[in-house]
Amino acid sequence: MNIRLDKFLADMSVGTRTEVKKIIKAGRIQVNNKVVRDSSIKINTENDQVLFDNTPVLYIEYEYYMLNKPAGIITAVSDLKEPTVLNLISSVRKDLFPVGRLDRDTVGLLLITNNGELAHRLLSPKKHVDKKYYVELNASLTQEMCQKLREGVSIEKNVITAPAKLEILDAPDCKRVVLTIQEGRFHQVKRMFLAVERKVVFLKRMEFGPLKLDENLKYGEYRRLNEKELKLLEEYIKDTDMEELCTRELCTREL
Ligand code: URA
């Protein structure tokens, strides 16, 4: 990838864009062993060697973290009043963001990255990404309620949820369940149970697409995705292209 020198340095948190321009002017940056004073020169991130005060600066384009979100923290990039999930991650990158949203009181798997293209594909309603939740309820579900939840319930005017998977973990009590949905409407899980007159008292996301929550992560802890998980995501995203292609082909044929 080719990017401007000042962006390269700002992305790697050498300073703000204004600060790095001053650093470059001061002759503190070398590119391939030559001092450069022009902020606009293009750096090839794979081949060029960049030194700041004689120390190499390596460029990392994308970062991917799995966070076990704790309760009481909001899913946002920044907030004037309270801490956000991004405050839990220490990274040099300033362009990280959460992929999707969990409510303040929801815990569990949240993917954090700076790869906008990947996020866009994972959040696309066309992709039908599975989201698996562990749910505790205030009261038991009846057989009839389970069937309604599986088939689709009305959560607002003109909105019926798509078919969902529901597993009962504690039959015959039926207050602890695992729900897998492919949609991601606002407060969807809570509203689905409200539609059958039950209240969610605990909600934890266990899976998101091909990613499973690492059970070794305590609430508030995070780690980088490993090679295996990155491959799984890559494969998963590849399928999106295929699906979109097929849909387009079908549409064309129907026309
Ligand atoms: N559904 C909800 O109701 N809340 C969440 O945080 C996620 C899904």
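Biologist: What volume does the largest pocket have?

Modeller: The model is a predicted one. The largest pocket is lined by 26 residues, and the closest to its centre are Arg101, Lys131, Glu183, Gly184 and Arg185. Its volume is about 500 Å³.

Biologist: Which helices and strands each supply at least two residues of the lining of the largest pocket?

Modeller: By class, the lining comprises eleven nonpolar, eight polar and seven charged residues. At least two lining residues each come from helix H3 (116–123), strand E10 (131–137), helix H5 (188–194) and strand E15 (200–208).

Biologist: Which residue has a polar backbone atom 2.7 Å from an oxygen atom of the ligand?

Modeller: The residues that surround the ligand include Leu102, Asp103, Thr106 and Gln188. For threonine 106, an N or O atom of the side chain is 2.8 Å from a ligand oxygen. For glutamine 188, a backbone N or O atom lies 3.5 Å from an oxygen atom of the ligand. The polar backbone atom at 2.7 Å belongs to aspartate 103.

Biologist: What percentage of the area that the ligand exposes when taken alone does the protein bury?

Modeller: Tyr133, His187, Val189, Lys190 and Leu203 are also among the residues around the ligand. Taken alone, the ligand exposes 240 Å², and the share of this area buried by the protein is 95%.

Biologist: Which strands stand at the edges of the open sheet of four strands?

Modeller: The order in this sheet is E3-E2-E5-E6, with antiparallel pairing. An edge strand has a single partner strand, so one of its sides is left without a neighbour in the sheet; this applies to E3 (34–35) and E6 (55–56).

Biologist: Which residue in E5 stands opposite valine 31?

Modeller: Strand E2 (residues 29–31) and strand E5 (residues 50–52) run antiparallel and are joined by three bridges. The residue of E5 opposite valine 31 is valine 50.

Biologist: Which residue has a positive phi of about 50° although it is not a glycine?

Modeller: The residue is found in the loop between E5 and E6. The positive phi of about 50° belongs to aspartate 53.

Terms used. Residues numbered from 1 in each chain as written. Predicted model: local features only at pLDDT ≥ 70, side-chain atom pairs only at ≥ 80, totals over all residues. Heavy atoms only, no water. Pairing = 2+ DSSP bridges. 1 Å grid on protein atoms, 1.4 Å probe; cavity = no way out; pocket = protein on both sides within 12 Å on 5 of 7 lines; lining within 4 Å. Points joined across faces, edges and corners; volume = space filled by probe spheres on them. Nonpolar A, V, L, I, M, F, W, Y, C, P; charged D, E, K, R; others polar. Near = heavy atom within 4 Å. Polar contact = N/O pair within 3.5 Å; in protein donor to acceptor, adjacent residues only side chain to side chain. Areas by Shrake-Rupley, 256 points an atom, 1.4 Å probe, with all protein chains shown as cover.
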